[in-house]
Amino acid sequence: MTEATSPDRPPRRRRRLVRVAALGVVLLLLSSVPWLWTTIAARGHLHEEADAPTADVVLVLGTEVAQDRRQPGERLAGRLETAAELVRQGRARVVLVSGDGGGASGDEPAVMAAYLTRLGVDPARIVADPFGLDTYDSCARARQVYGVRRALVVTQSYHVSRAVTLCRQLGVEADGVTARCGDCGPALLVEKSIRDYLASGKAAWDVVSGRPPAVRSAQDPAVRDALAR
C-alpha cells in the first residue's frame, strides 16, 4: 500500500527546482566576486576627461584598428583623442601607447602613435609598447619595463574599472579617464560590459597567480627620456 504524500510537504520536483535555483544564485554570486572587486577597487580613481587629474604619463590601451590597418577603429580613435586632449591641457606630458604589435587587425601601437602625431602630439613624447597583449600585460610592462609609477589610464567606460584596478595592483598609481566613444550605442555597451564582466575572472586570477607578462623585456628608458625632453 502506497503512503500518501503529506499535503504540507512540497512535491519532490519542486524541492529539486528550489535547490537548483539556490545553487544558481550561489554560483552567480561567486562568479560576480571578481567583477565586484574590479568595480569597488577602482572607486575614487575614475574621472571624466574634463576633470582628470595630472600625471606625467598617460597610458592608452590598444584595441582593434580599422580594416585598412592604417587608421584606428572608432573606439581606439576615441581613446587617442582623449589622450591628446589631456596632453594639450597639460594634464599629461608623455603618452605610452600599449597594444599588440602583431595583432590580427594590424600593428596597434604603430597606428596609435601615427594618429596621435596627426592630432598634434609631439612624436618625441610618444612611446610605443608593442607587447601590451592584454590589459594585464600593458599595466605590468608599464611598471616593469618602462618604469611608470603613476599614470592616467585611458579607455572606454565598460573597461576602465578593470584597467585601473589591474594597474594599481601591479604597482602603477593609476587614475582612469573615460575615453570618448562615438559608436558606443546601448547594444555595444551591453555587449562590451558582459565581456568585461567575464574578463574580470581572468584579471583576478592573473593578479593572484602573479603571472608575468607574456613577453618579458629588459628595462626601457624611453618614457624617462621622453619626460626629460
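**Pockets**

I found about 170 Å³ of space in the second largest pocket. A volume is the space filled by probe spheres set on the points, which are joined across faces, edges and corners.

Of its 13 lining residues, W35, S157, Y158, S193 and D196 are the closest to the centre of the second largest pocket. I noted that α5 gives the largest share of that lining, six residues.

A note on the source: this is a predicted model, where local features need pLDDT of at least 70 and side-chain atom pairs count only at pLDDT 80 or more, while totals for chains, interfaces and linings use all residues. Residues are numbered from 1 along each chain as its sequence is written, and side-chain values use heavy atoms, with hydrogens and water left out.

Next I went to the largest pocket, with a volume of about 670 Å³. It has 30 lining residues, and G62, T63, D134, T135 and R195 are the closest to its centre. Here α6 (186-209) gives the most to the lining, with seven residues. Helices are DSSP runs of H or I, at least four residues, and strands are E runs of at least two, both numbered from the N terminus.

**Core**

Which residues touch the most other members of the largest nonpolar core? I got V58, V60, L80, L86, V95, V97 and L116, out of 25 residues. Such a core is a set of buried Ala, Val, Leu, Ile, Met, Phe, Trp, Tyr and Cys residues joined through side-chain atoms within 4.5 Å. Buried means under 20% relative accessible area with a 1.4 Å probe, protein chains only. I saw that α2 gives the most to this core, with six residues.

In α3, I listed E108, P109, V111, M112, A113, Y115 and L116 as buried. D107 caps the N-terminal end of α3, with a side-chain oxygen 3.2 Å from the backbone nitrogen of A110. Just after α3, G120 takes a positive phi of about 105 degrees.

Last, I checked E49, in the loop between β1 (46-47) and β2. E49 counts as buried because its relative accessibility is 16%.

Conventions
Buried < 20%, exposed > 50% of the residue type's maximum accessible area, 1.4 Å probe, protein only. Polar contact = N/O pair within 3.5 Å; in protein donor to acceptor, adjacent residues only side chain to side chain. 1 Å grid on protein atoms, 1.4 Å probe; cavity = no way out; pocket = protein on both sides within 12 Å on 5 of 7 lines; lining within 4 Å.
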